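Here's a quick tour to read with the model open beside you. We'll go through some helix packing, then a few individual residues.

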Amino acid sequence: MVRVAIIGGTGYTALEVMRLLHRHPQAEVKVVSSRSESGPVSSVHTSLSGMFDFNMTNPSVTEIAELADVVFCCLPHKASMDAIPSLLSAGLKVVDLSADYRLSDPSVYEKWYGHVHTDPTRLGNTVYGLPELYRDRIKGQDLIANPGCYTSTSILALAPFVSGGLIEPSSIIIDAKSGVSGAGRAPKLGTLYAECNESFSAYGVGTHRHMPEIEQILSDVSSENVEVLFTPHLVPMDRGIFATIYATPKAELTEKQAIESLREFYSGNPFVRVVSHLPKTKDVAYTNYCDITARVVKGRLMILAVLDNMIKGAAGVAVQNFNLMCDFDETTALL
Ligand SMILES: NC(=O)C1=CN([C@@H]2O[C@H](COP(=O)(O)OP(=O)(O)OC[C@H]3O[C@@H](n4cnc5c(N)ncnc54)[C@H](OP(=O)(O)O)[C@@H]3O)[C@@H](O)[C@H]2O)C=CC1
Ligand SMILES: CC(=O)N[C@@H](CCC(=O)OP(=O)(O)O)C(=O)O
């Protein structure tokens with residue numbers, strides 16, 4: 001049995017990690033750490049009643065290392081890189097759900113996140129936890145940088161086409177929409193009910209920090225430098241990401257060929273479903289699936305992809321990475 005600690009216990013992704021690990025036969029959640037709460041886990045996350053009734057605590061790193069083997073670090077970026085070096089030094093394995101270890105260049109991190117990275121030597125040496133692309137590298141690692149929700153949707157949709165050299169690498173436009181839980185549980189003006197309900201807004205136009213993350217990974221799987229225009233939108237629904245992506249094929253491409261390229265690339269990958277219908281966020285809600293299809297319209301390629309931001313976009317892929325790190329079946333607790 002692998003002993004697990006979860007840090008940032010009151011947050012949304014922590015809740016989803018707990019819900020998934022509850023049915024994991026080889027993992028036991030021993031610690032749920034919180035700065036702000038000390039009562040039973042199930043008093044904060046009432047949907048976990050009867051499942052996690054022990055108290056949240058705020059243990060030291062040494063205490064966590066005595067009680068656990070693997071940490072799911074469910075903190076915001078910046079707080080995460082403050083916590084992770086000492087967790088690793090204490091011999092713990094870590095799945096980091098934040099963005100702190102995803103980018104490989106400290107100066108790119110500083111530019112997009114607006115502060116200096118305090119653990120820069122690990123950037124560029126930490127494996128990006130998208131199993132469909134980096135499965136073999138994830139196995140046996142001590143630290144995994146779990147991908148973002150918009151980024152997973154966009155990268156999974158585009159990887160087959162950029163790696164196959166099928167599209168112009170600077171022609172890509174990603175129009176992405178997220179449910180409100182993507183912004184986390186901490187109260188913010190923009191996610192108050194009266195601000196976002198019955199409203200649909202774009203944000204971070206040209207400045208969103210997921211743009212360099214998408215470009216870094218797509219350039220890594222392609223032989224060319226990939227540049228994208230990425231625009232996120234907030235949609236008044238609880239959960240789900242929908243990405244509509246446009247790109248110019250390098251040579252004539254039929255819809256059948258485009259869908260076939262997706263099918264070939266994801267053959268043997270249990271959590272990417274290449275579908276022929278137009279996918280909906282409800283198709284993947286509460287699941288670890290990413291559903292993708294493609295269309296060719298007026299000679300342009302359109303790729304449409306959906307996933308649940310808190311499962312395949314965060315906690316689900318984190319458990320997938322945990323399974324790979326611990327040499328368990330990748331699908332354990334996820335199907
Ligand atoms: N929500 C989503 O769909 C996705 C989230 N992510 C990433 O996962 C991470 C967690 O997200 P999510 O669960 O939604 O976030 P939440 O805001 O819901 O929860 C984060 C938790 O971290 C703790 N925390 C907050 N600020 C600090 C701080 N400054 N120092 C230490 N602890 C802090 C709090 O827990 P406590 O008070 O209990 O200590 C808080 O509840 C983030 O990095 C996020 O960007 C990634 C993909 C998708
Ligand atoms: C709706 C919403 O606010 N979404 C978040 C993205 C959440 C996520 O996946 O991001 P990280 O893990 O990279 O923090 C945002 O735009 O910042």
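**Helix packing and a few residues to look at**

Helix H6 meets helix H9 through Leu 133, Tyr 134 and Arg 137 on the H6 side, with Ile 217, Asp 220 and Val 221 on the H9 side. Sorted by class, that H6–H9 contact has 4 nonpolar, no polar and 2 charged residues. Keep in mind that this is a predicted model. H9 also packs with helix H7, and H7 in turn makes a contact with helix H10.

**H6 against H9**

- H6 covers residues 131-138, and its axis comes within 12 Å of the H9 axis, crossing at roughly 75°.
- That angle falls in the 65 to 115 degree range, so H6 counts as roughly perpendicular to H9.

**H7 against H9**

- H7 runs over residues 149-163 and H9 over residues 210-221; their axes come within 9 Å and cross at roughly 30°.
- Angles under 35 degrees count as roughly parallel, which means H7 is roughly parallel to H9.
- The H7–H9 crossing is right-handed.
- From H7, the residues that meet H9 are Cys 149, Tyr 150, Thr 151, Ser 154, Ile 155, Leu 158, Ala 159, Val 162 and Ser 163.
- From H9, the partners are His 210, Glu 213, Ile 214, Ile 217, Leu 218 and Val 221.
- Class by class, the H7–H9 contact comes to 10 nonpolar, 4 polar and 1 charged residues.
- Ile 217 and Val 221 of H9 turn up in the contact with H7 and also in the contact with H6.

**H7 against H10**

- The H7 axis and the axis of H10 (residues 255-265) come within 9 Å and cross at roughly 100°.
- H7 and H10 are therefore roughly perpendicular to each other.
- H7 brings Ala 157, Ala 159, Pro 160, Phe 161 and Ser 163 to this contact, while H10 brings Ala 258, Ser 261, Leu 262 and Phe 265.
- The residues of the H7–H10 contact split into 7 nonpolar, 2 polar and no charged.
- Ala 159 and Ser 163 of H7 take part in the contact with H10 as well as in the one with H9.

- Ser 219 sits in H9.
- A polar atom of the Ser 219 side chain lies 2.9 Å from the backbone nitrogen of Val 226.
- Leaving out residues up to four places away in sequence, Ser 219 touches Glu 224, Asn 225 and Val 226.
- Ser 222 is in the loop between H9 and strand S9.
- Is Ser 222 buried or exposed? Its relative accessibility is 10%, so Ser 222 counts as buried.
- Ser 222 touches Val 162 and Ser 163, again not counting residues up to four places away in sequence; both of these H7 residues also meet H9.

**Thr 231 in strand S9**

- Thr 231 belongs to S9, which spans residues 228-234.
- Its relative accessibility of 23% means that Thr 231 counts as partly exposed.
- Which residues does Thr 231 contact, leaving aside its neighbours within four places in sequence? They are Ile 174, Asp 175, Ala 176, Ala 202 and Val 205.
- Thr 231 and Met 211 are 20 residues apart in sequence, with their C-alpha atoms 8.6 Å apart in space.

**H1 and what covers it**

- Helix H1 (residues 12-21) is mostly covered, with 7 of its 10 residues buried.
- The buried ones are Ala 14, Leu 15, Glu 16, Val 17, Met 18, Leu 20 and Leu 21.
- The cover over those buried H1 residues includes strand S1 (2-7), strand S2 (27-33), helix H2 (41-44), strand S3 (70-73) and helix H12 (311-325).

- Glu 198 has a phi near 55°, a positive value in a residue other than glycine.
- You'll find Glu 198 in the loop between helix H8 (193-196) and strand S8 (201-202).
- With 72% relative accessibility, Glu 198 counts as exposed.
- Tyr 286 also has a positive phi without being glycine, near 65°.
- Tyr 286 lies in the loop between helix H11 (281-284) and strand S12 (290-297).
- Tyr 286 is exposed, its relative accessible area being 54%.

Note on methods:
Residues numbered from 1 in each chain as written. Chains lettered and ligands numbered in written order. Predicted model: local features only at pLDDT ≥ 70, side-chain atom pairs only at ≥ 80, totals over all residues. Heavy atoms only, no water. Axes fitted to C-alpha atoms, helices over the stretch in contact; angles between N-to-C directions. Helix = DSSP H or I, 4+ residues; strand = E, 2+ residues; numbered from the N terminus. Parallel < 35°, antiparallel > 145°, perpendicular 65-115°, else oblique. Left-handed = near helix turned anticlockwise from the far one by under 90°. Contact = heavy atoms within 4.5 Å. Nonpolar A, V, L, I, M, F, W, Y, C, P; charged D, E, K, R; others polar. Buried < 20%, exposed > 50% of the residue type's maximum accessible area, 1.4 Å probe, protein only. Polar contact = N/O pair within 3.5 Å; in protein donor to acceptor, adjacent residues only side chain to side chain.
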